[in-house]
Amino acid sequence: MTDKGGIKMKYTNAYPKYQFRRITDITVEDLQKMGAKAVAVDLDNTTVIDSSYKLPEETRKWIDTVRSAGIQVIIISNTIFTRAWYLGKKMGDIPFIAPAHKPHTKAIRKAAKMLGVELENLAMIGDQLFTDVISANKAGAISIRVEPMKKEKLFAGHFKKVRAREREYMKQYHNEKNKEKCTA
Ligand SMILES: [Mg+2]
């Protein structure tokens, strides 16, 4: 099935299991209820503003709180190695995998192994359906989607298309689900 924008419902794995506005809205209790013993965080527009090297104070505090509760944190980002390394240091010397090549699942599986948790106990938190959410769902991890922190300035044209596809996907997904409910 295709729509005006050419989206195919083949992206059956792009629907997030949980949704929040900001990463900082997710509480330790939420994570525990989901069964998360470790969280993998995306960088751009999830923990830091797109393309930034500046770590927001509220993100740093959130990471500290989560880690103090015994939940491990790792960065899984498609950014370059040095930027993930730098931000990982600022986040309290946390491990990272970058570039992760999401939507491929390799980084998610590697993270679970590195942290010694089962995939079903690893939550991947990110702002993009077709990279963060798909990779988590395909790998069997817990997918959590957050709203992008800010409109992307770099590759603005590319992201405008991505966000339009995401909106269309969510709309179609809900339409399909409603149809299923009606015929059930
Ligand atoms: Mg992102």
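Me: What makes a set of residues a nonpolar core?
Reply: A nonpolar core is a set of buried Ala, Val, Leu, Ile, Met, Phe, Trp, Tyr and Cys residues joined through C-beta atoms within 7 Å. This is a predicted model: local features need pLDDT of at least 70, side-chain atom pairs count only at pLDDT 80 or more, and totals for chains, interfaces and linings use all residues. Numbering starts from 1 along each chain as its sequence is written.

Me: Which residues touch the most other members of the largest core?
Reply: The core has 44 residues, and Val 39, Ile 75, Ile 76, Ile 108, Leu 122, Ala 123 and Met 124 touch the most other members. Its largest share, five residues, comes from H5.

Me: Why is strand E6 called largely enclosed?
Reply: Buried means that 20 or more other C-beta atoms lie within 10 Å of a residue's own; exposed means 12 or fewer, partly exposed in between, with C-beta atoms placed from the backbone. Five of the five residues of E6 (142-146) are buried, so the strand is largely enclosed by the rest of the structure. Ile 142, Ile 144 and Val 146 point one way, Ser 143 and Arg 145 the other. Strands (E, at least two residues) and helices (H or I, at least four) are DSSP runs, numbered from the N terminus.

Me: What makes E5 and E6 a pair?
Reply: Pairing needs at least two DSSP bridges between two strands. E5 (residues 122-126) and E6 have four and run parallel, so they pair. Ala 123 has Ile 142 in E6 as its bridge partner. From E5 the chain crosses through helix H5 (residues 129-139) to E6, a right-handed β-α-β crossover. Right-handed means clockwise from the first strand over the helix to the second, with the strands pointing away from the viewer.
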